[in-house]
Amino acid sequence: MKVSVIGGGSTYTPELVKGFIDRHVDLPISELWLMDKDLKRLEIVGGFAQRMAAAAGSPFEVILSSNQAEAIKDSRYVITQLRVGMMAARREDEYLGRRHGLIGQETTGVGGMSKALRTIPVILSVAADMAVLSPGALLVNFTNPAGLVTEALSRFAPQVPSVGLCNAPITIKMDIINGLAEHAGMEIDPQQAMLDMVGLNHLSWCRGFRVGEQDMWAAVFENYLKGLSEQDEPEWDVNSIEALGMIPNYYLTYYYRTAKKLSEQENWPPSRADQVMEIETCLLEQYAQPERKEPPEDLMARGGAYYSTLATQLLNAHYNDLGEVYVLNIPHQGSIAGWSKDWVVELPCRVDADGIHPLPADPLPLVGDGLVAQVKSYELLTVEAAVHGDRTAAYHALLAHPLGPSIDEVEVVLEDMLTTHRQHLPQFWGADTGSGQQ
(Lines give C-alpha, C1' and ligand atoms only; values in the text may rest on other atoms or scores of the structure.)
Protein backbone atom coordinates (compact mmCIF):
# COMPACT_ATOMS: atom_id res chain seq x y z
CA MET A 1 0.00 0.00 0.00
CA LYS A 2 1.27 3.44 -0.95
CA VAL A 3 0.79 6.51 1.26
CA SER A 4 1.95 9.95 0.15
CA VAL A 5 2.58 13.06 2.24
CA ILE A 6 2.36 16.38 0.40
CA GLY A 7 4.54 18.77 2.35
CA GLY A 8 6.84 15.94 3.40
CA GLY A 9 9.62 18.36 4.32
CA SER A 10 7.62 19.54 7.33
CA THR A 11 9.27 19.22 10.72
CA TYR A 12 6.13 17.29 11.76
CA THR A 13 6.99 14.46 9.36
CA PRO A 14 9.27 12.40 11.66
CA GLU A 15 6.46 12.14 14.22
CA LEU A 16 4.18 10.86 11.47
CA VAL A 17 6.81 8.39 10.28
CA LYS A 18 7.21 7.07 13.82
CA GLY A 19 3.46 6.59 14.01
CA PHE A 20 3.49 4.50 10.84
CA ILE A 21 6.45 2.46 12.11
CA ASP A 22 4.68 1.74 15.41
CA ARG A 23 1.54 0.64 13.56
CA HIS A 24 3.09 -1.16 10.57
CA VAL A 25 1.69 -4.58 11.51
CA ASP A 26 -1.91 -3.33 11.32
CA LEU A 27 -1.34 -0.78 8.57
CA PRO A 28 0.75 -2.56 5.89
CA ILE A 29 2.36 0.38 4.11
CA SER A 30 4.87 -0.69 1.48
CA GLU A 31 5.79 2.79 0.18
CA LEU A 32 5.73 6.09 2.06
CA TRP A 33 6.28 8.97 -0.37
CA LEU A 34 7.39 12.32 1.00
CA MET A 35 6.83 15.11 -1.50
CA ASP A 36 8.02 18.70 -1.11
CA LYS A 37 9.17 21.53 -3.36
CA ASP A 38 11.87 22.60 -0.91
CA LEU A 39 14.61 20.17 -1.90
CA LYS A 40 16.94 21.10 0.94
CA ARG A 41 14.34 20.46 3.61
CA LEU A 42 13.20 17.32 1.84
CA GLU A 43 16.75 16.01 1.85
CA ILE A 44 17.16 16.66 5.58
CA VAL A 45 13.73 15.53 6.79
CA GLY A 46 13.44 12.75 4.23
CA GLY A 47 16.92 11.46 4.96
CA PHE A 48 16.07 11.32 8.66
CA ALA A 49 12.80 9.50 7.87
CA GLN A 50 14.74 6.93 5.84
CA ARG A 51 17.14 6.33 8.73
CA MET A 52 14.20 5.93 11.11
CA ALA A 53 12.63 3.30 8.86
CA ALA A 54 15.92 1.47 8.39
CA ALA A 55 16.53 1.37 12.15
CA ALA A 56 13.08 -0.18 12.61
CA GLY A 57 13.86 -2.99 10.16
CA SER A 58 12.55 -1.23 7.03
CA PRO A 59 8.84 -2.02 7.42
CA PHE A 60 8.28 0.21 4.37
CA GLU A 61 10.32 2.15 1.84
CA VAL A 62 10.57 5.92 2.26
CA ILE A 63 10.71 7.59 -1.16
CA LEU A 64 11.49 11.29 -1.66
CA SER A 65 10.08 13.33 -4.52
CA SER A 66 9.54 16.92 -5.64
CA ASN A 67 6.94 15.80 -8.20
CA GLN A 68 3.39 16.02 -6.87
CA ALA A 69 1.80 13.84 -9.56
CA GLU A 70 4.46 11.16 -9.15
CA ALA A 71 3.93 11.06 -5.40
CA ILE A 72 0.14 10.89 -5.67
CA LYS A 73 -0.09 8.24 -8.41
CA ASP A 74 -1.64 4.98 -7.15
CA SER A 75 -1.71 6.15 -3.51
CA ARG A 76 -4.29 4.70 -1.15
CA TYR A 77 -4.03 7.70 1.16
CA VAL A 78 -2.75 11.24 0.57
CA ILE A 79 -1.92 13.41 3.58
CA THR A 80 -1.60 17.18 3.07
CA GLN A 81 0.47 19.12 5.62
CA LEU A 82 1.82 21.97 3.54
CA ARG A 83 2.42 25.66 4.14
CA VAL A 84 2.27 27.95 1.12
CA GLY A 85 4.88 30.67 1.58
CA MET A 86 6.69 28.73 4.31
CA MET A 87 7.01 29.99 7.88
CA ALA A 88 7.85 33.51 6.68
CA ALA A 89 4.28 33.79 5.36
CA ARG A 90 2.90 32.74 8.73
CA ARG A 91 4.92 35.50 10.35
CA GLU A 92 3.49 38.00 7.86
CA ASP A 93 -0.03 36.80 8.73
CA GLU A 94 0.57 37.37 12.42
CA TYR A 95 2.04 40.83 12.00
CA LEU A 96 -0.68 41.74 9.47
CA GLY A 97 -3.18 41.50 12.30
CA ARG A 98 -0.94 43.30 14.76
CA ARG A 99 -0.33 46.36 12.60
CA HIS A 100 -4.08 46.83 12.10
CA GLY A 101 -4.98 46.33 15.76
CA LEU A 102 -6.50 42.91 15.05
CA ILE A 103 -5.80 39.37 16.19
CA GLY A 104 -2.70 38.06 14.43
CA GLN A 105 -2.96 34.27 14.30
CA GLU A 106 -2.38 31.69 11.57
CA THR A 107 -5.85 30.07 11.62
CA THR A 108 -8.14 32.67 13.14
CA GLY A 109 -9.15 36.16 11.99
CA VAL A 110 -7.30 38.00 9.22
CA GLY A 111 -4.26 35.71 9.49
CA GLY A 112 -6.39 32.61 9.02
CA MET A 113 -8.11 34.17 6.03
CA SER A 114 -4.79 35.12 4.47
CA LYS A 115 -3.50 31.59 4.89
CA ALA A 116 -6.69 30.11 3.43
CA LEU A 117 -6.49 32.30 0.31
CA ARG A 118 -2.95 31.02 -0.36
CA THR A 119 -3.65 27.42 0.55
CA ILE A 120 -6.98 26.45 -0.99
CA PRO A 121 -5.87 26.58 -4.66
CA VAL A 122 -2.84 24.40 -3.86
CA ILE A 123 -4.90 21.80 -1.99
CA LEU A 124 -7.43 21.76 -4.83
CA SER A 125 -4.56 21.02 -7.23
CA VAL A 126 -3.69 18.00 -5.07
CA ALA A 127 -7.31 16.86 -5.25
CA ALA A 128 -7.33 17.32 -9.04
CA ASP A 129 -4.27 15.08 -9.36
CA MET A 130 -5.86 12.51 -7.07
CA ALA A 131 -9.04 12.37 -9.14
CA VAL A 132 -6.97 11.31 -12.15
CA LEU A 133 -4.01 9.45 -10.66
CA SER A 134 -5.42 7.79 -7.53
CA PRO A 135 -9.20 7.66 -7.90
CA GLY A 136 -10.95 6.61 -4.70
CA ALA A 137 -7.98 7.49 -2.47
CA LEU A 138 -8.75 9.35 0.75
CA LEU A 139 -7.31 12.85 1.16
CA VAL A 140 -6.49 13.50 4.82
CA ASN A 141 -5.94 17.22 5.31
CA PHE A 142 -3.93 18.50 8.27
CA THR A 143 -3.15 21.85 6.62
CA ASN A 144 -4.54 24.84 8.48
CA PRO A 145 -7.09 26.29 8.54
CA ALA A 146 -8.18 22.65 8.39
CA GLY A 147 -11.96 23.10 8.49
CA LEU A 148 -11.97 25.90 5.94
CA VAL A 149 -9.71 23.96 3.56
CA THR A 150 -11.94 20.90 3.90
CA GLU A 151 -14.96 23.13 3.15
CA ALA A 152 -13.30 24.07 -0.14
CA LEU A 153 -12.56 20.42 -0.93
CA SER A 154 -16.14 19.35 -0.29
CA ARG A 155 -17.51 22.05 -2.60
CA PHE A 156 -14.95 22.15 -5.39
CA ALA A 157 -13.55 18.59 -5.36
CA PRO A 158 -16.53 16.47 -4.27
CA GLN A 159 -15.31 13.54 -6.37
CA VAL A 160 -12.33 13.09 -4.01
CA PRO A 161 -13.11 11.66 -0.56
CA SER A 162 -11.59 14.01 2.00
CA VAL A 163 -11.51 14.71 5.72
CA GLY A 164 -10.06 17.51 7.82
CA LEU A 165 -7.83 16.52 10.70
CA CYS A 166 -7.00 18.61 13.77
CA ASN A 167 -5.13 17.61 16.89
CA ALA A 168 -7.09 19.97 19.18
CA PRO A 169 -9.96 17.52 19.96
CA ILE A 170 -7.66 14.59 20.72
CA THR A 171 -5.49 16.90 22.86
CA ILE A 172 -8.56 17.92 24.86
CA LYS A 173 -9.59 14.26 25.15
CA MET A 174 -6.16 13.24 26.44
CA ASP A 175 -6.07 16.20 28.85
CA ILE A 176 -9.40 15.01 30.27
CA ILE A 177 -8.14 11.44 30.63
CA ASN A 178 -4.87 12.55 32.23
CA GLY A 179 -6.73 14.91 34.55
CA LEU A 180 -9.05 12.15 35.75
CA ALA A 181 -6.05 9.91 36.35
CA GLU A 182 -4.22 12.57 38.34
CA HIS A 183 -7.07 13.95 40.42
CA ALA A 184 -9.53 11.07 40.66
CA GLY A 185 -7.32 8.02 40.26
CA MET A 186 -9.26 6.85 37.21
CA GLU A 187 -7.44 4.86 34.54
CA ILE A 188 -9.23 5.20 31.19
CA ASP A 189 -8.41 3.52 27.89
CA PRO A 190 -8.43 6.33 25.27
CA GLN A 191 -9.87 3.94 22.68
CA GLN A 192 -12.92 3.39 24.91
CA ALA A 193 -13.49 7.11 25.53
CA MET A 194 -15.71 9.25 23.31
CA LEU A 195 -15.69 13.02 23.29
CA ASP A 196 -18.86 14.93 22.42
CA MET A 197 -17.37 17.99 20.73
CA VAL A 198 -19.20 20.08 18.15
CA GLY A 199 -18.63 23.30 16.21
CA LEU A 200 -16.18 24.39 13.55
CA ASN A 201 -12.47 23.69 13.45
CA HIS A 202 -10.82 25.87 16.14
CA LEU A 203 -14.32 27.02 17.11
CA SER A 204 -15.83 24.11 19.01
CA TRP A 205 -17.11 23.19 22.45
CA CYS A 206 -16.86 19.97 24.44
CA ARG A 207 -20.13 19.12 26.20
CA GLY A 208 -19.95 15.37 26.81
CA PHE A 209 -17.61 12.49 27.64
CA ARG A 210 -18.39 8.79 27.71
CA VAL A 211 -16.36 5.68 28.43
CA GLY A 212 -18.16 2.77 26.84
CA GLU A 213 -21.77 3.12 28.00
CA GLN A 214 -20.87 5.20 31.06
CA ASP A 215 -21.64 8.92 30.95
CA MET A 216 -18.80 10.64 32.80
CA TRP A 217 -19.45 14.24 31.82
CA ALA A 218 -20.46 15.41 35.31
CA ALA A 219 -17.21 14.11 36.78
CA VAL A 220 -15.17 15.50 33.88
CA PHE A 221 -16.70 18.97 34.12
CA GLU A 222 -16.35 19.08 37.90
CA ASN A 223 -12.71 18.03 37.63
CA TYR A 224 -12.09 20.65 34.91
CA LEU A 225 -13.55 23.44 37.05
CA LYS A 226 -11.49 22.26 40.02
CA GLY A 227 -8.35 22.35 37.91
CA LEU A 228 -9.07 25.92 36.81
CA SER A 229 -9.66 27.04 40.40
CA GLU A 230 -6.26 25.68 41.44
CA GLN A 231 -4.32 27.60 38.80
CA ASP A 232 -2.76 30.99 39.49
CA GLU A 233 -3.49 32.24 35.96
CA PRO A 234 -6.17 29.96 34.48
CA GLU A 235 -6.98 30.06 30.78
CA TRP A 236 -10.65 30.58 31.66
CA ASP A 237 -12.55 32.20 34.52
CA VAL A 238 -14.19 29.44 36.58
CA ASN A 239 -17.54 31.22 36.96
CA SER A 240 -17.72 31.89 33.22
CA ILE A 241 -17.09 28.25 32.29
CA GLU A 242 -19.56 27.07 34.92
CA ALA A 243 -22.19 29.35 33.40
CA LEU A 244 -21.29 28.19 29.86
CA GLY A 245 -21.62 24.53 30.85
CA MET A 246 -19.13 23.46 28.19
CA ILE A 247 -15.35 23.30 27.79
CA PRO A 248 -14.29 25.64 24.97
CA ASN A 249 -11.65 24.73 22.43
CA TYR A 250 -8.61 26.76 23.49
CA TYR A 251 -8.73 28.74 20.22
CA LEU A 252 -11.91 30.34 21.51
CA THR A 253 -9.71 32.53 23.71
CA TYR A 254 -9.28 34.71 20.62
CA TYR A 255 -13.05 35.33 20.66
CA TYR A 256 -13.81 35.27 24.38
CA ARG A 257 -10.66 37.08 25.57
CA THR A 258 -9.85 39.25 22.57
CA ALA A 259 -8.52 42.21 24.57
CA LYS A 260 -6.09 39.95 26.45
CA LYS A 261 -4.81 38.41 23.22
CA LEU A 262 -4.38 41.84 21.64
CA SER A 263 -2.41 43.07 24.63
CA GLU A 264 -0.11 40.03 24.40
CA GLN A 265 0.67 40.96 20.79
CA GLU A 266 2.08 44.26 21.96
CA ASN A 267 4.99 42.31 23.44
CA TRP A 268 6.03 40.90 20.05
CA PRO A 269 8.55 39.95 18.90
CA PRO A 270 8.64 37.08 19.28
CA SER A 271 5.32 36.08 17.76
CA ARG A 272 4.54 32.38 17.58
CA ALA A 273 6.00 32.25 14.05
CA ASP A 274 9.21 33.83 15.33
CA GLN A 275 9.40 31.15 17.99
CA VAL A 276 8.64 28.32 15.58
CA MET A 277 11.31 29.52 13.16
CA GLU A 278 13.86 29.20 15.94
CA ILE A 279 12.51 25.80 16.98
CA GLU A 280 12.60 24.53 13.40
CA THR A 281 16.17 25.67 12.88
CA CYS A 282 17.15 23.59 15.90
CA LEU A 283 15.05 20.62 14.77
CA LEU A 284 16.49 20.57 11.27
CA GLU A 285 20.01 20.64 12.72
CA GLN A 286 19.13 17.58 14.79
CA TYR A 287 17.38 15.82 11.90
CA ALA A 288 20.54 16.24 9.83
CA GLN A 289 22.68 14.36 12.35
CA PRO A 290 23.74 11.15 10.55
CA GLU A 291 23.54 9.07 13.73
CA ARG A 292 20.01 10.20 14.68
CA LYS A 293 17.30 7.57 14.24
CA GLU A 294 14.61 8.75 16.69
CA PRO A 295 12.68 12.07 16.81
CA PRO A 296 14.26 14.52 19.30
CA GLU A 297 12.43 15.63 22.43
CA ASP A 298 12.49 19.19 21.06
CA LEU A 299 9.81 18.16 18.54
CA MET A 300 7.16 18.55 21.25
CA ALA A 301 7.95 22.28 21.39
CA ARG A 302 6.86 22.54 17.75
CA GLY A 303 3.24 21.89 18.73
CA GLY A 304 0.88 19.40 17.13
CA ALA A 305 0.67 17.01 20.08
CA TYR A 306 -0.95 13.66 19.22
CA TYR A 307 -0.92 14.48 15.49
CA SER A 308 0.70 11.18 14.50
CA THR A 309 -1.54 9.30 16.93
CA LEU A 310 -4.69 10.68 15.35
CA ALA A 311 -3.46 10.41 11.75
CA THR A 312 -2.36 6.79 12.03
CA GLN A 313 -5.44 5.78 14.06
CA LEU A 314 -7.68 7.34 11.41
CA LEU A 315 -5.98 5.52 8.53
CA ASN A 316 -5.94 2.28 10.51
CA ALA A 317 -9.67 2.51 11.31
CA HIS A 318 -10.47 3.21 7.66
CA TYR A 319 -8.20 0.52 6.21
CA ASN A 320 -9.18 -2.18 8.71
CA ASP A 321 -12.90 -1.36 8.89
CA LEU A 322 -12.81 -0.77 12.65
CA GLY A 323 -15.77 1.57 13.07
CA GLU A 324 -13.91 3.74 15.57
CA VAL A 325 -15.11 7.23 16.51
CA TYR A 326 -13.00 10.38 16.14
CA VAL A 327 -13.79 14.11 16.11
CA LEU A 328 -13.19 15.16 12.49
CA ASN A 329 -14.11 17.81 9.94
CA ILE A 330 -16.53 16.74 7.20
CA PRO A 331 -19.94 17.82 5.82
CA HIS A 332 -22.35 16.85 8.59
CA GLN A 333 -25.09 15.72 6.14
CA GLY A 334 -27.94 16.66 8.45
CA SER A 335 -26.49 15.19 11.63
CA ILE A 336 -27.06 18.51 13.42
CA ALA A 337 -30.51 20.08 13.15
CA GLY A 338 -30.64 23.72 12.12
CA TRP A 339 -27.37 23.81 10.18
CA SER A 340 -27.15 23.54 6.39
CA LYS A 341 -26.42 19.89 5.53
CA ASP A 342 -23.45 20.77 3.33
CA TRP A 343 -21.56 22.68 6.02
CA VAL A 344 -18.22 21.17 6.98
CA VAL A 345 -18.25 21.04 10.76
CA GLU A 346 -16.17 19.43 13.50
CA LEU A 347 -18.03 16.58 15.17
CA PRO A 348 -17.75 12.91 16.19
CA CYS A 349 -17.58 10.59 13.19
CA ARG A 350 -17.49 6.83 12.79
CA VAL A 351 -14.65 5.63 10.57
CA ASP A 352 -14.86 2.31 8.70
CA ALA A 353 -13.92 0.91 5.31
CA ASP A 354 -16.96 2.53 3.70
CA GLY A 355 -15.84 6.00 4.68
CA ILE A 356 -16.29 8.62 7.37
CA HIS A 357 -19.78 8.98 8.77
CA PRO A 358 -20.93 11.91 10.92
CA LEU A 359 -22.84 10.84 14.02
CA PRO A 360 -26.08 12.53 15.09
CA ALA A 361 -25.37 15.37 17.53
CA ASP A 362 -27.51 17.78 19.50
CA PRO A 363 -27.45 21.39 18.29
CA LEU A 364 -25.29 23.83 20.17
CA PRO A 365 -27.04 26.17 22.60
CA LEU A 366 -27.67 29.67 21.33
CA VAL A 367 -24.57 30.99 23.08
CA GLY A 368 -22.44 29.02 20.60
CA ASP A 369 -24.77 28.62 17.65
CA GLY A 370 -24.75 32.30 16.69
CA LEU A 371 -20.95 32.50 16.64
CA VAL A 372 -20.72 29.37 14.50
CA ALA A 373 -23.19 30.80 11.97
CA GLN A 374 -21.23 34.04 11.69
CA VAL A 375 -17.87 32.33 11.25
CA LYS A 376 -19.32 29.82 8.76
CA SER A 377 -20.53 32.76 6.65
CA TYR A 378 -16.96 34.07 6.68
CA GLU A 379 -15.64 30.63 5.70
CA LEU A 380 -17.98 30.24 2.74
CA LEU A 381 -17.09 33.71 1.48
CA THR A 382 -13.37 32.99 1.88
CA VAL A 383 -13.69 29.79 -0.16
CA GLU A 384 -15.34 31.73 -2.98
CA ALA A 385 -12.64 34.40 -2.82
CA ALA A 386 -9.82 31.85 -2.84
CA VAL A 387 -11.16 29.76 -5.72
CA HIS A 388 -12.23 32.60 -8.01
CA GLY A 389 -9.90 35.43 -6.98
CA ASP A 390 -13.05 37.34 -6.06
CA ARG A 391 -12.13 40.57 -4.27
CA THR A 392 -15.76 41.34 -3.42
CA ALA A 393 -16.13 37.97 -1.70
CA ALA A 394 -12.85 38.63 0.15
CA TYR A 395 -14.15 42.05 1.25
CA HIS A 396 -17.38 40.46 2.49
CA ALA A 397 -15.43 37.73 4.30
CA LEU A 398 -13.41 40.27 6.27
CA LEU A 399 -16.57 42.21 7.07
CA ALA A 400 -18.38 39.04 8.22
CA HIS A 401 -15.66 37.79 10.56
CA PRO A 402 -16.27 38.71 14.21
CA LEU A 403 -12.53 39.34 14.61
CA GLY A 404 -12.28 41.34 11.40
CA PRO A 405 -11.81 45.08 10.90
CA SER A 406 -14.50 47.73 11.11
CA ILE A 407 -16.22 48.49 7.81
CA ASP A 408 -14.17 51.63 7.20
CA GLU A 409 -10.94 49.63 7.52
CA VAL A 410 -11.86 46.55 5.47
CA GLU A 411 -10.47 47.87 2.19
CA VAL A 412 -7.17 48.89 3.80
CA VAL A 413 -6.69 45.52 5.50
CA LEU A 414 -7.64 43.58 2.38
CA GLU A 415 -5.23 45.51 0.19
CA ASP A 416 -2.47 45.00 2.74
CA MET A 417 -3.20 41.27 2.85
CA LEU A 418 -3.24 40.80 -0.93
CA THR A 419 -0.17 42.95 -1.48
CA THR A 420 1.84 41.31 1.29
CA HIS A 421 1.28 37.86 -0.21
CA ARG A 422 1.03 38.87 -3.85
CA GLN A 423 3.50 36.22 -5.08
CA HIS A 424 1.30 33.47 -3.56
CA LEU A 425 -2.06 34.88 -4.71
CA PRO A 426 -2.00 34.76 -8.52
CA GLN A 427 -5.79 34.39 -8.63
CA PHE A 428 -6.10 38.01 -7.46
CA TRP A 429 -3.31 39.45 -9.59
CA GLY A 430 -3.54 37.53 -12.84
CA ALA A 431 0.01 36.18 -12.69
CA ASP A 432 1.41 32.81 -11.68
CA THR A 433 4.21 33.68 -9.33
CA GLY A 434 4.61 30.31 -7.65
CA SER A 435 4.41 29.14 -4.06
CA GLY A 436 6.32 27.23 -1.42
CA GLN A 437 5.42 24.12 0.54
CA GLN A 438 6.55 22.94 3.93
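How does the lining of the second largest pocket divide by class, that is, how many nonpolar, polar and charged residues does it have?

1. By class, that lining has eight nonpolar, six polar and three charged residues, where Ala, Val, Leu, Ile, Met, Phe, Trp, Tyr, Cys and Pro count as nonpolar, Asp, Glu, Lys and Arg as charged, and the others, Gly among them, as polar.

2. The model is predicted, so local features need pLDDT of at least 70 and side-chain atom pairs count only at pLDDT 80 or more, while totals for chains, interfaces and linings use all residues. Residues are numbered from 1 along each chain as its sequence is written, and side-chain values use heavy atoms, with hydrogens and water left out.

3. The second largest pocket holds about 420 Å³ of space, and of its 17 lining residues Asp175, Ile176, Tyr224, Leu228 and Gln231 lie nearest its centre. A pocket here is an open set of points on a 1 Å grid over the protein atoms alone, where a 1.4 Å probe fits, with protein on both sides within 12 Å along at least five of seven lines, and lining residues have an atom within 4 Å of a point. Helix H7 gives the most to this lining, with seven residues, and helix H8 (217-229) and strand S10 (247-248) each supply at least two.

4. About 840 Å³ of space lies in the largest pocket; among its 37 lining residues, Arg90, Gln105, Glu106, Tyr251 and Arg272 are the closest to its centre. Elements that give two or more residues to this lining include helix H4 (86-99) and helix H7 (168-184), but H11 gives the most, with three. The lining divides into 13 nonpolar, 14 polar and 10 charged residues.

Notes
Points joined across faces, edges and corners; volume = space filled by probe spheres on them. Helix = DSSP H or I, 4+ residues; strand = E, 2+ residues; numbered from the N terminus.
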